[in-house]
Amino acid sequence: MSFSGWKKYIEEGDLVIVYMTRENMTPIFMKKGTVFQNRFGVYKHDDIIGKEYGSKLVSSNYRGFVYLLHPTPELWTLVLPHRTQILYIADISFITTLLDMKPGVNVIESGTGSGSFSHSIARTIAPTGRLYSFEYHQDRANLAQVEFNEHGFGDIIKMHHRDVCKDGFQMKDQVNAVFLDLPAPWDAVASAKEAFKQDRTGKICCFSPCIEQVARSVAALDEHGFIDITMYECLIREHTVAPIQKVDFSVAIKDAQERKAKGLPSVESVAIKRKLGKDEPIPTAKEVEEAANLMLVSRTMGETRGHTSYLTFATFLPPSATRIVDESVPENDSN
Ligand code: SAM
């Protein structure tokens, strides 16, 4: 069974992501004669085998139902057994994009941890790319290897049990991108530099929870000649969709204009303010006219939550590349 392809029918031995709700999903390998149980009833594996992925299955006592989903790296990140902190989809998608990952690309990642990011990388670079994944914790390395094999990534992910800060990656001229999720990524930067393909540019990213670690990574990247060093913080901004009553401001404005013409005291701003949020500016007559047919339906949350880590990106420059020198600045100008 492969996470990078799709099959239609569920067979014995396949992995099924059993979906109860968005917050409640369970990964289950299909085995004849076995049952899956939740508080709404019993689901027999024998009833699941032969069904199409995506089917809805009603429990044997007809009190509940589940959906039988095909595994994907995104779903695996939500259901995997946590052996460490893991990367979630917001960071995963951002890093994948900025490291230019695509089919055929070779990537290093360390540490492997629970293999959350590894699954997404492997799916992205398949079928010809290779992921060299390094983990110094023996049990985590072994368990990750078992999962990668079970999920059809045995050929794509090359698992290594090694302390990369002490012993390096021991690779030369092989990869396009490097991702470091380690307590001391700066200790692996020199070795990462050697692992890059030496005839083209490459991309590196260090994932660190605190700003002191970012400072040390930036210093190490700069010292080893990486360029375009940039740090991002990936935050999730929630948008609430809320139906908002359509307001005809022109009525309030007309009313205010009539009061003015009759010499009555102006209540224009009060009338309009009552229909706006209390901190929103009063629109001009032109803005009111332009917005007359619009309905606001989305609001962002006041506070942005979700800090996981800082992401420090940099570019590897091959030795053959010529540095662009700003000729307007004399070389010995210390300013
Ligand atoms: N990115 C992973 C994921 O999405 O599942 C999580 C990585 S976890 C936070 C960090 C891992 O790095 C741990 O499993 C730890 O054992 C490993 N690690 C720490 N220092 C290491 C080193 N010097 N060499 C190799 N692995 C190391």
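User: What makes Leu-87, Gly-111, Gly-113 and Phe-207 contacts of Asp-181?

Analyst: In this predicted model, two residues are in contact if their C-beta atoms, placed from the backbone, lie within 7 Å. Leaving out residues up to four places away in sequence, Asp-181 touches Leu-87, Gly-111, Gly-113 and Phe-207. Asp-181 itself lies in the loop between strand E10 (177–180) and helix H7 (189–195).

User: Why is Asp-181 called buried?

Analyst: A residue is buried if 20 or more other C-beta atoms lie within 10 Å of its own. Asp-181 has 23 C-beta neighbours inside 10 Å, and therefore counts as buried.

User: Is Glu-135 buried or exposed, and how do you know?

Analyst: The threshold for burial is 20 or more other C-beta atoms within 10 Å, whereas an exposed residue has 12 or fewer. Glu-135 has 27 within that distance, so Glu-135 is buried. Glu-135 is part of strand E8. Its contacts, apart from neighbours within four places in sequence, are Gly-111, Thr-112, Arg-140, Ala-141, Ala-144 and His-161.

User: Which residues does UniProt mark as "binding site", and what is the largest C-alpha distance?

Analyst: The unreviewed UniProt entry places this feature at Glu-135, Asp-163 and Asp-181. These positions are spread over 47 residues of sequence, yet they cluster in space, with a largest C-alpha distance of 12.8 Å.

User: Which residues come nearest to the ligand, and what makes up the shell around it?

Analyst: Leu-87, Gly-111, Gly-113, Ser-116 and Tyr-136 come nearest, out of 22 residues around the ligand. By class, the shell comprises nine nonpolar, nine polar and four charged residues. At least two shell residues come from each of helix H4 (116–125), strand E8 (131–135) and helix H6 (164–167).

User: What is the strand order of the open sheet, and why do strands E9 and E12 stand at its edges?

Analyst: The seven strands are ordered E9-E8-E7-E10-E11-E15-E12, with mixed pairing. Strand E9 (157–161) and strand E12 (227–233) each have a single partner strand, so one side of each is left without a neighbour in the sheet. On average, neighbouring strands are turned by 15° against each other, direction ignored.

User: How do you know that E7 and E10 pair?

Analyst: Pairing requires at least two bridges between two strands. Strand E7 (residues 107–110) is joined to E10 by four bridges, and the two run parallel. Within this pair, Ile-108 stands opposite Val-178 in E10.

Terms used:
Residues are numbered from 1 along each chain as its sequence is written. This is a predicted model: local features need pLDDT of at least 70, side-chain atom pairs count only at pLDDT 80 or more; totals for chains, interfaces and linings use all residues. A residue is near a molecule or strand if its C-beta atom, placed from the backbone, lies within 6 Å of it. Ala, Val, Leu, Ile, Met, Phe, Trp, Tyr, Cys and Pro count as nonpolar, Asp, Glu, Lys and Arg as charged, and the others, Gly among them, as polar. UniProt positions are given in the numbering used here, feature names are shortened, and annotations may be inferred rather than shown by experiment. Axes are lines fitted to C-alpha atoms, for helices over the stretch in contact, and angles run from 0 to 180 degrees between N-to-C directions.
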